[in-house]
Amino acid sequence: MINREAFFREYNMEQEEFEAAGISWEELAAIYDNYLSMEEELKSIGKDFVNDYLYDIEKAGIHSYRYRTKDPGHLLEKIIRKRNEHPERFARIDRTNFYKYITDLIGIRVFFLYREDWIYFHRYITTVFENDPGLYVENRIDDFDEDKSHYYIAERPKVYRRNGDSRIYDESLIDIKSDGIYRSLHYIIKYKGYYVEIQGRTLFEEGWSEIDHDIVYPYFKDDVMLKDFSTLLNRLSGMADEMSSYFRRMRSAKEEWERQIEEAESKGKTEREDRQNDQICENGG
């Protein structure tokens with residue numbers, strides 16, 4: 001049983017915010033206990049997913065990855081927050097069905113060295129999993145597929161990007177959202193009876209995100225000073241990504257330039273040898 005007062009302190013939550021969510025503490029405590037009872041199964045499923053689909057990072061088109069199951073306290077905080085933000089959508093959530101609503105109980109992060117490399121992972125994940133818009137979940141209860149052997153992409157893939165970022169995404173392939181400063185790819189996969197959320201970021205984006213989540217989001221999101229510092233760090237991470245891509249383009253241009261020089265030198269050498277051979281033949285004749 002989770003302690004209510006300790007929970008409020010840890011997650012910087014006011015009594016009014018909890019009451020506005022319209023869910024009893026007893027129900028939240030039951031969700032907490034039920035989640036703990038299934039957490040080992042979720043960890044095993046996350047490990048299976050990684051071993052089956054991400055272990056070969058070159059095949060998956062990524063630099064690296066990591067995975068986790070959701071912290072039980074964060075689960076309760078998210079349920080309260082979601083019921084406040086979307087009361088109608090989360091009105092029916094309870095101890096028996098919370099795993100049908102919360103799509104990141106199993107969370108996987110995949111990382112890229114360069115932002116434009118997202119397309120390689122996108123092609124991979126939409127090839128190994130069924131990506132049928134007819135299967136995208138709208139109603140968390142009515143649309144939940146009870147078949148544990150049916151693996152598929154359960155929501156249209158989407159990407160959050162900052163206004164002003166390079167336009168590297170294809171809106172025919174992925175839903176593009178440009179609000180705020182958050183940058184990340186999102187895929188929701190139905191796998192072995194549960195949802196697995198995959199987030200894709202560059203290494204620089206991950207650095208900013210981890211610091212922002214540790215300090216600002218969601219408990220101090222109204223603190224102006226912390227938000228300003230986080231925004232500055234986000235801009236720096238974006239600049240680092242742009243510079244990384246620029247470095248790679250410069251390397252490619254340099255390699256192409258060197259290749260052309262080598263070809264020209266080789267061609268010139270061949271032409272000189274041909275002229276010399278022609279002269280030898282003429283003198284010999």
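Modeller: Happy to! Let us begin with burial: buried means under 20% relative accessible area, exposed means over 50%, and partly exposed lies in between, with a 1.4 Å probe and protein chains only. Helices (H or I, at least four residues) and strands (E, at least two) are DSSP runs, numbered from the N terminus. By the burial rule, the buried residues of helix H7 (residues 118-128) are Trp 118, Ile 119, Phe 121, His 122, Tyr 124 and Ile 125. Please keep in mind that this is a predicted model, where local features need pLDDT of at least 70 and side-chain atom pairs count only at pLDDT 80 or more, while totals for chains, interfaces and linings use all residues. Residues are numbered from 1 along each chain as its sequence is written, and side-chain values use heavy atoms, with hydrogens and water left out.

Colleague: What covers the buried residues of H7?

Modeller: The cover includes H3, helix H4 (57-60) and the strands S2 (106-112), S3 (152-153), S6 (184-191) and S7 (194-202). Contact here means heavy atoms within 4.5 Å. In total the protein has 9 helices and 7 strands.

Colleague: Why is Phe 49 called buried?

Modeller: Its relative accessible area is 0%, and the limit is under 20%, so Phe 49 is buried. Phe 49 sits in helix H3. Leaving aside neighbours within four places in sequence, Phe 49 is in contact with Leu 54, Ile 108, Phe 129, Ile 189, Tyr 191, Val 196 and Ile 198. The C-alpha atoms of Phe 49 and Lys 192 are separated by 9.3 Å, although the two are 143 residues apart along the chain.

Colleague: What makes Lys 100 count as buried?

Modeller: The same test: Lys 100 has 12% relative accessibility, under the 20% limit, so Lys 100 counts as buried. Lys 100 belongs to helix H6 (residues 98-101). Beyond its neighbours within four places in sequence, Lys 100 is in contact with Arg 140, Ile 141, Phe 144, Glu 146 and Tyr 195.

Colleague: How do you know that the side chains of Lys 100 and Glu 146 make a polar contact?

Modeller: A polar contact is a pair of N or O atoms within 3.5 Å; within protein, one must be able to donate a hydrogen and the other to accept it, and residues adjacent in sequence count only if both atoms are side-chain atoms. The side chains of Lys 100 and Glu 146 make such a contact at 3.1 Å.

Colleague: Why are Arg 95 and Glu 27 called a salt bridge?

Modeller: Side chains of opposite charge can pair when their charged atoms come close. A salt bridge is a side-chain nitrogen of Lys or Arg within 4 Å of a carboxyl oxygen of Asp or Glu. For Arg 95 and Glu 27 the N to O distance is 2.9 Å, so the pair qualifies. This pair links distant parts of the chain, 68 residues apart: Arg 95 is in the loop between helix H5 (72-85) and H6, and Glu 27 is in helix H3 (residues 25-54). Arg 95 is partly exposed at 37% relative accessibility, while Glu 27 is buried at 16%.

Colleague: How many salt bridges does this rule give?

Modeller: The count comes to 25. One of them joins Glu 40 and Lys 43, with the closest N and O atoms 3.6 Å apart. Both residues lie in helix H3, 3 residues apart, about one turn of the helix. Another joins Glu 263 and Arg 259 at 2.3 Å, N to O. There is also a network of salt bridges linking Arg 66, Arg 109, Arg 201, Glu 206 and Glu 210.

Colleague: What makes Met 225, Phe 229, Leu 232, Leu 236 and Met 239 a nonpolar patch?

Modeller: Patches are made of residues with over 30% relative accessible area and no salt bridge; like charges are joined within 9 Å, and nonpolar side chains (Val, Leu, Ile, Met, Phe, Trp, Tyr) within 5 Å. Leu 236, for one, has a relative accessible area of 46%, so Leu 236 passes the area limit. Leu 236 is in helix H9 (residues 224-284). Together the five residues have about 540 Å² of accessible area, calculated by the Shrake-Rupley method with a 1.4 Å probe, where for residues only the protein chains shown count as cover.
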